[in-house]
Amino acid sequence: MSKPWITFFSQTGSEIVEISKSLNRWPDVIITNERPTRLRTINAEILEKDCLITVSNKPTEEEIYDILKLYDSPVITLHGWLRIIPPSICNEYKIYNGHPGLITDFPELKGKDPQIRAFEGIKQGKYK
C-alpha cells in the first residue's frame, strides 16, 4: 500500500495534473488557498476531483494541521504554493517543493509557471 499523498498549490494546479497523469495516480488531497478568481484559473481536471480542499488565503498553522493530522505519514508536495509552511509542520512532515530553483539567486523564476521558464532557460544555456 502506498503512502497518502497531499499536495498544495496556489496558482493553477496544472503541474499536479501532469504529475498525476505520469504517475497514473491522483493525490489523496489537493489543497489550495482562497484567491480571487481574477488572479488565477484552477485547472478544470482538479475542479472535477472531490479531493480538492480550499483553505483561507493565508492559512494558519492550525488550519493546515487539521488536514494533515487525518493522514498517517503522508508524502507532501508543493507545486506553486505561495505561502510559508510553518517550521513546526516542516519539522514533523517530509515535504518536497516542486519549485525549480532558488528565487533569491534567480529572481526571474518568481511567478507563474517557473518550471517552464527554467526548462526554456536550460535549453538556451542560461541555467545549468
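What follows walks through the strand layout and the salt bridges of this predicted model.

Residues are numbered from 1 along each chain as its sequence is written, and side-chain values use heavy atoms, with hydrogens and water left out. As the model is a prediction, local features need a pLDDT of at least 70 and side-chain atom pairs count only at pLDDT 80 or more, while totals for chains, interfaces and linings use all residues.

Helices (H or I, at least four residues) and strands (E, at least two) are taken as DSSP runs and numbered from the N terminus. Two strands are said to pair if DSSP finds at least two bridges between them. On that basis, five strands line up in an open sheet in the order β3-β2-β1-β4-β5, with parallel pairing. The edges belong to β3 (52-55) and β5 (95-97); each has a single partner strand, so one side of each is left without a neighbour in the sheet. From one strand to the next, the twist averages 20°, with axes being lines fitted to C-alpha atoms (for helices, over the stretch in contact) and angles running from 0 to 180 degrees between N-to-C directions.

Now for strand β1 (residues 5-9). On one flank, β1 pairs in the parallel sense with strand β4 (residues 75-78) over four bridges, and F8 sits opposite L78 of β4. Strand β2 (residues 29-33) is also a parallel partner of β1, again over four bridges; here F9 has T32 as its bridge partner, and T7 stands opposite I30. Helix α1 packs on the sheet, where it touches β1 and β2, and its direction makes about 155° with that of β1; contact here means heavy atoms within 4.5 Å. Together, β1, α1 and β2 form a right-handed β-α-β unit, right-handed meaning that, with the strands pointing away from the viewer, the path from the first strand over the helix to the second runs clockwise.

β1 is also mostly covered, with five of its five residues buried. For accessibility, buried means under 20% relative accessible area, exposed over 50% and partly exposed in between (1.4 Å probe, protein chains only). In a regular strand, side chains alternate between the two faces of the sheet. In β1, W5, T7 and F9 point one way and I6 and F8 the other, and all are buried.

Turning to charged pairs, the structure holds three salt bridges, counted when a side-chain nitrogen of Lys or Arg is within 4 Å of a carboxyl oxygen of Asp or Glu. One joins the side chains of K21 and E45, at 3.0 Å from N to O. K21 lies in helix α1 (residues 14-23) and E45 in helix α2 (residues 44-47), so this pair ties together parts that are 24 residues apart in sequence. K21 is partly exposed at 45% relative accessible area, and E45 is partly exposed too, at 28%.

Another salt bridge links R25 and D28, whose closest N and O atoms are 2.8 Å apart. R25 comes out as partly exposed at 27%, and D28 is partly exposed at 35%. D66 and K69 make up a further pair, with 3.4 Å between the closest N and O atoms. Here D66 is partly exposed at 42%, whereas K69 counts as exposed at 57%.
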